[in-house]
Amino acid sequence: MAGALSTGTVTASAESLPSTQVVGGTDAADGAYPYQVSLRDGGQHFCGGSVIGPQWILTAAHCLEGHAASRLQVVAGTNTPDAGGTSLGVERFVIHENYHQNSGGAPSNDIGVLKLKTPLSYTPRIQPVALPDLPELLGGPATLTGWGLTTATGQPPNALQQATVTMMPVATCALRYGAGTVDLLGNICTYTGYDGASTCLGDSGGPLVQNGREIGIVSFSASNCSPRYPSVYTNVGFYRPWINARTGI
């Protein structure tokens, strides 16, 4: 679901490879995650995102890099990647001013927001997700959703995928990937074991939610999407002031 990074494996960012589902996930019930959206360029899904306000979508910076706002669509209100939902154009997007891809490391400040041309109309299928007010110590289970590959060489899913994942101490996650690869403040990690769930290509930018709040944005993982490596997310609480300054939310 995400960009890739690990020691001892070939890595690549998610959007540089074909967008394809949550590894180890299951089909989500129709309308179960009304905050989840699909980002599309030329009609093709390439990343996930989340509704945080009537005109604002939260996603990863690396999802927006190299794209033109005029070509993008945000599709909300459907769990099926090729049918249904509401499609809206993008007025503009903002990438964190200090975002950059690190050679051999995780993207820094991997966060961005999109402003829609027209506001979304909230319905039972389209709702905003709450955001944390401040950084906090995180632990326990969280919910991951997305349309990314189920395996690194798999096919796109026919339905939004969901998985329960377990928070991992970010310091332990950093040791797993190698020195300098994970930001101890700006990232959070999940790990559910060798047979657990993982992010994969096409999941980037999507939400990690705990207790009704989006705590993470899918950022990167091992290039083979192996659950043997942690999945790494942008820490939404850490970037809450940035989000507020750009969106007023």
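The legends below accompany several close-up views of a predicted model. Because this is a prediction, local features are taken where pLDDT is at least 70 and side-chain atom pairs where pLDDT is 80 or more, while totals for chains, interfaces and linings use all residues. Residues are numbered from 1 along each chain as its sequence is written, and side-chain values use heavy atoms, with hydrogens and water left out.

**View 1. Asp41 and its polar partners, His67 and Arg71.** Welcome to the first stop. Asp41 sits in strand E3, residues 36-41; strands (E, at least two residues) and helices (H or I, at least four) are DSSP runs numbered from the N terminus. Asp41 counts as buried because its relative accessibility is 16%, where buried means under 20% relative accessible area, exposed over 50% and partly exposed in between, with a 1.4 Å probe and protein chains only. The Asp41 side chain makes a polar contact of 2.7 Å with the side chain of His67, and another polar contact of 2.7 Å joins Asp41 to the side chain of Arg71. A polar contact here is a pair of N or O atoms within 3.5 Å; within protein, one must be able to donate a hydrogen and the other to accept it, and residues adjacent in sequence count only if both atoms are side-chain atoms. Beyond its neighbours within four places in sequence, Asp41 is in contact (heavy atoms within 4.5 Å) with Phe46, His67, Arg71, Leu72 and Gln73.

**View 2. The disulfide between Cys47 and Cys63.** This is one of two disulfides in the structure, a disulfide being a pair of cysteine sulfur atoms within 2.5 Å. The S to S distance for Cys47 and Cys63 is 2.1 Å. The torsion about their S-S bond is about -80°, so this disulfide is left-handed. Cys47 belongs to strand E4 (residues 44-53) and Cys63 to helix H1 (residues 61-64), so the pair ties together parts that lie 16 residues apart in sequence. Both Cys47 and Cys63 are buried.

**View 3. Gly48 and its surroundings.** Gly48 is buried, because its relative accessible area is 1%. From Gly48 to Cys63, 15 residues apart in sequence, the C-alpha to C-alpha distance is 8.5 Å. With neighbours within four places in sequence set aside, the contacts of Gly48 include Gln36, Val37, Leu39 and Thr59. Gly202, Asp203, Ser204, Gly205 and Gly206 also touch Gly48.

**View 4. The disulfide between Cys173 and Cys189.** Here the sulfur atoms of Cys173 and Cys189 are 2.2 Å apart. With a torsion of about -75° about the S-S bond, this disulfide is left-handed. Cys173 lies in helix H2 (residues 170-177) and Cys189 in strand E11 (residues 187-190), so the pair links parts 16 residues apart in sequence. Cys173 and Cys189 are both buried.

**View 5. His96 in a loop.** His96 is found in the loop between strand E7 (86-95) and strand E8 (112-116). At 9% relative accessibility, His96 counts as buried. A polar atom of the His96 side chain lies 2.9 Å from the backbone nitrogen of Asn98. Not counting residues up to four places away in sequence, His96 touches Asn109, Ile111, Tyr239 and Trp242. Asn109 lies in the loop between E7 and E8.

**View 6. Asn109 and Asn211, with positive phi.** Phi of Asn109 is near 50°, and phi of Asn211 is near 55°. Asn211 is placed in the loop between strand E12 (207-210) and strand E13 (213-221). At 72% relative accessibility, Asn211 counts as exposed.

**View 7. Ala32 and Gly77.** Ala32 is in the loop between strand E2 (26-27) and E3. Ala32 is partly exposed, because its relative accessible area is 38%.
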